Amino acid sequence: MVKRLTPIKSLNGTIKVPGDKSISHRAVMFGSIAEGTTSINGFLTGEDCLSTISCFQKLGVAIKQENEHVIVEGKGIKGLQPPSSDLDVGNSGTTIRLMLGILANTPFTSVLTGDDSIAKRPMNRVTQPLKQMGARIEGRDSGNKVPLQIEGGTAKGIHYHSPIASAQVKSAILLAGLEGEGTTSVTEPVKSRDHTERMLEAFGANIKNDGLTVSLNGGQQLKGTHIEVPGDISSAAFFLVAGAIIPDSLITLKKVGLNPTRTGILDVLQDMGAQITYQDVNEESSEPYGDLVIHTSRLKGTIIKGNLIPRLIDEIPIIALAATQAEGQTIIQDAQELRVKETDRIETVVNQLKKMGADIQATEDGMIIHGKTPLKGANVDSYGDHRIGMMLSVASCIAEGDTFLSNSEAVAVSYPAFFDQLNAITKNN
Ligand code: S3P
């Protein structure tokens, strides 16, 4: 669908951003392999998380979803049943990679498929270690691409040194190890988001964290629990940047997840000069959260690299837009993982923002942006990537003239209410 987007004067109001995508996926998955009932509040009803629900329903788990409330009737991993048709993960990398870890312990064959974007994304980062743990996996490109066929059994523990900082890789291996034999550990080059570790503990598992290494013993049975999902900081990011770059704006974002492995965007925006204040922060909960208030701010360029990258990997498209409105140069490096996201996000960000007049260059592992440049309306495309669609929509707010966004429906992958919420706080007089 092509959506016409018009410039706006300011944003003013309060937004309850949707539930965290990473946490919503995990709540359904862990609830499905736990014994007993799991109730979830604040679940993200985006397409990706609905794909996770439908995959586990196909594996025989009773899951009832009503808006943001979900009830999962877990019967333990041995209660999963052979699916009668392919498990379609849609656009969701988290669904396929974590599910492969779980299926490494099921003694039946499953076939996993996904959309055109998933078909291009590398799966050997999880299939290789899972094969070492004993799973039999076949697929296109020697088990690197969907459709993938997996037959599990009892996974054998491994000590895995991951070449990349990836929570999906770490989680897949830990999930395989949890129900397997012996000890499993994963060591990462840089710490990635730790939602799996936190939530496994909430489900009663014993996990050991030691610097960049996480380990657990096999043969642990999860117990159903209640999960409160905080708002997704990756969704809040679009309004944080919108609030900073759109004149005369003031936005309050309610109950945003503030897990330190995810808050790189706040560090970077503050370093660039954004005025962000925190309110009602709850640090006690297994996943910390709080309200964020953002004002229109004068931004300056910055350097984003190294350990910071995994803490804001999904926010780089919207940070790139912020950099076009910042004085001076912004350099983003060490972010080669962007090339294997829903699209090659280095290419799509650079190509689409260039069409709107930005001074932005791609590098092998990031981008270089010079600001501040006025943006102009253009014909742009999300290429089916939700985060590119939302970044371009925020860009259209400050552009001169109308913007026409192709494949705008992609935003529903993680933020179905995005356009409604943006319209609700738009002030044009
Ligand atoms: C996610 C991990 C990240 C992130 C993705 C969600 C997760 O991917 O980009 O949107 O929920 O574990 P990688 O593990 O590939 O870095």
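How do the residues of the shell around the ligand divide into nonpolar, polar and charged? The legends below refer to a predicted model.

**View 1. Make-up of the shell around the ligand.** The shell holds three nonpolar, four polar and six charged residues. Of the 13 residues around the ligand, those that come nearest are Ser22, Arg26, Ser166, Asp314 and Lys341.

View 2. Arg26 places a polar side-chain atom 2.7 Å from an oxygen atom of the ligand. In the side chain of Ser166, an N or O atom is 2.7 Å from an oxygen atom of the ligand. For Lys341, a side-chain N or O atom is likewise 2.7 Å from a ligand oxygen atom. The ligand taken alone exposes 380 Å², and the protein buries 95% of that.

**View 3. The pocket that holds the ligand.** The largest pocket is where the ligand sits. Ser22, Arg26, Ser166, Asp314 and Lys341 are again the residues that come nearest to the ligand.

**View 4. Helices around the ligand.** Two helices, α1 (21-33) and α7 (167-178), each supply at least two residues of the shell around the ligand. With three residues, α1 gives the most to this shell.

**View 5. Domains around the ligand.** Both domain 1 (3-19 + 230-427) and domain 2 (21-228) take part in the shell around the ligand, and at least three of its residues are drawn from each.

Definitions and conventions
Residues numbered from 1 in each chain as written. Predicted model: local features only at pLDDT ≥ 70, side-chain atom pairs only at ≥ 80, totals over all residues. Heavy atoms only, no water. Near = heavy atom within 4 Å. Polar contact = N/O pair within 3.5 Å; in protein donor to acceptor, adjacent residues only side chain to side chain. Areas by Shrake-Rupley, 256 points an atom, 1.4 Å probe, with all protein chains shown as cover. 1 Å grid on protein atoms, 1.4 Å probe; cavity = no way out; pocket = protein on both sides within 12 Å on 5 of 7 lines; lining within 4 Å. Sits in = over half its atoms within 2 Å of the grid points. Helix = DSSP H or I, 4+ residues; strand = E, 2+ residues; numbered from the N terminus. Nonpolar A, V, L, I, M, F, W, Y, C, P; charged D, E, K, R; others polar. Domains from an automatic or database assignment.
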